[in-house]
Amino acid sequence: MPPRNAAQHALHPPPAKAVTLPPPAGLRAEDGTGHVFLTWEPVPGARGYLVHRSPFAEGPYKPLTGQSLPRPPYADTRAEPGRGYWYKVAALTDDGPGPLTPTPVPGCVKARGIALATVTVTVDATGAVPPHVTGDGAHALVNAVARHTDDCSHVYVVVRNTAADRPGMSPGSPALDRTAVVRVTGLAADTSYAVTLHRADTTDAQTTRDALTDTLPHEQLPPLTTAPDGAASLSLDIPLPGLRSLHLSRI
């Protein structure tokens, strides 16, 4: 390159080539009560994802959220029960969204029945395994955290009912409320525990920390007696958005 052209090239370098990522693979949809549960395989290099929806398989597809999702899964809680929808997902880079998944997946929200949809929250009081949530809305709507003392004399279990597309919003449809069956294992066998229930109508990080340190409004529940295998359980109704925390202390 002649010196003159080299100097101009240094002053005015060519624009960086835009990075385009492939569409996410493995897109799946599962019909849930009050939501459609979507998941897909993460794309290496993606800084987020945009979920698109259409009432028709052929489109047009429009993004569901104003902000990108950091990772799967996602719960579409704005769909009308009984109405079918089609979904596609695009991976995001700093240069914008990539192509949508070529094949859409169908989804249809289930209407709420007489009883609330149920999830099961399993917590190991020893901390050997992280809390595990299963059931209708698990991982996308409902999750849990826990804290315990080394001797398992005190155990905190926080169950949160939230959704990726409802941050800071007022409570949503009652169809999104859940009954959480909380099962705590690893407690002392055939032992009684005093139980305190903490309540909050928000799910932000500060409220969760408060729930783990006894600073939320709370009430005393009847004592729990563990089974011979050191397990105890009870049920909690959790609205969206909402948080319930249990503090178990050995009597």
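Let's start with Cys108: at 24% relative accessibility, Cys108 is partly exposed. Cys152 is buried, at 8% relative accessible area. Buried means under 20% relative accessible area, exposed over 50%, partly exposed in between, with a 1.4 Å probe and protein chains only. The whole structure has 0 disulfides, a disulfide being a pair of cysteine sulfur atoms within 2.5 Å.

A word on the source. This is a predicted model, where local features need pLDDT of at least 70 and side-chain atom pairs pLDDT 80 or more, while totals for chains, interfaces and linings use all residues. Residues are numbered from 1 along each chain as its sequence is written, and side-chain values use heavy atoms, leaving out hydrogens and water.

Now the cores. A nonpolar core is a set of buried Ala, Val, Leu, Ile, Met, Phe, Trp, Tyr and Cys residues joined through side-chain atoms within 4.5 Å. The largest one has 33 residues. Val121, Val182 and Leu246 are among those touching the most other members. Elements giving two or more residues include β9 (117-124), β13 (178-185) and β17 (242-250). Strands here are DSSP runs (E, at least two residues), numbered from the N terminus. β16 gives the largest share, 4 residues. Apart from this core lies another, of 18 residues, including Trp40 and Val109.

Last, a sheet. It is open, with 4 strands in the order β10-β9-β13-β16 and mixed pairing. Strands pair if DSSP finds at least two bridges between them. β10 (132-135) and β16 are the edges, each pairing on one side only. β9 and β10 pair antiparallel over 4 bridges. There, Thr120 stands opposite Thr134 in β10.
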